[in-house]
Amino acid sequence: ATRATAAELAAAAGRRHLLLSFKGVCQPSSARPALSRLHNGRDIISVCTGGGKGGGAASAAQYDYKALMLSSVFSAAPAGNGLHSYRLAESIFLGAIPVIVDEKLVLPYCSVLDWSRFSVRVKRAQVAELPAILRAIPPAKVQAMQERCQGLCEHSSKVSFEGASADCSEHIAQTARSLSSISSALGVWG
């Protein structure tokens with residue numbers, strides 16, 4: 001997963017001017033084309049590398065993925081090809097609050113982590129409402145979610161979001177033991 005250095009995250013803290021971002025391949029049967037239709041070029045940058053409004057390959061090429069994430073308060077994490085989206089981890093590692101765009105997506109360590117404390121989850125049918133949903137979150141709650149994501153990022157050497165499988169009970173048990181050693185002050189425990 002794409003990560004940022006501590007210095008990059010510190011610099012980004014004062015310049016997160018985008019409400020929401022997404023950049024990726026837009027499979028027609030996924031929520032991704034609907035995400036690309038949210039693109040307004042101002043506070044929502046949502047582009048597809050494979051087509052869609054505001055999201056053609058030429059348009060997407062002008063945005064650096066890492067810079068986009070470091071400029072965003074929220075980052076869309078639609079379902080991927082596996083049990084969960086690697087964008088969940090990348091959002092956290094790059095300081096953006098993950099927006100989980102799928103009600104069926106299996107969340108890593110969902111038996112241990114309360115994802116609602118540091119992410120937003122919407123149904124695919126709610127994508128058009130996403131800007132209003134995100135703008136309605138009080139600033140204090142956004143700040144608390146960002147702090148919890150930062151805490152997870154700081155402890156990511158103890159927790160691997162990549163390759164996490166909800167079906168792998170030993171992996172979850174081992175990770176749960178690691179997570180329990182992390183301070184509950186993060187406020188992300190299920």
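Modeller: Ile44, Ser46 and Cys48 point one way from strand S2, Ile45 and Val47 point the other way, and all are buried. Buried means under 20% relative accessible area, exposed means over 50%, and partly exposed lies in between (1.4 Å probe, protein chains only). In a regular strand the side chains alternate between the two faces of the sheet. S2 covers residues 44–48 and is mostly covered, with five of its five residues buried. Helices (H or I, at least four residues) and strands (E, at least two) are DSSP runs, numbered from the N terminus.

Some notes on the source belong here. This is a predicted model, in which local features need pLDDT of at least 70 and side-chain atom pairs count only at pLDDT 80 or more, while totals for chains, interfaces and linings use all residues. Residues are numbered from 1 along each chain as its sequence is written, and side-chain values use heavy atoms, with hydrogens and water left out.

Next comes the partner strand. S2 and strand S1 (residues 18–24) run parallel and are joined by five bridges; two strands pair if DSSP finds at least two bridges between them. Lys23 has Val47 as its bridge partner in S2.

Arg87 sits in helix H5 (residues 86–93). Arg87 is buried but has no salt bridge, and Glu90, the nearest side chain of opposite charge, is 5.3 Å away. A salt bridge is a side-chain nitrogen of Lys or Arg within 4 Å of a carboxyl oxygen of Asp or Glu. For charge, Lys and Arg count as positive and Asp and Glu as negative, with His and the chain ends not counted.

The last topic is the core. The largest nonpolar core has 23 residues, and Leu20, Phe74, Val99 and Leu134 have the most contacts inside it. S1 and S2 are among the elements that give two or more residues to this core. Such a core is a set of buried Ala, Val, Leu, Ile, Met, Phe, Trp, Tyr and Cys residues joined through side-chain atoms within 4.5 Å. Across the protein chain there are eight helices and five strands, and 48% of its 190 residues count as buried.
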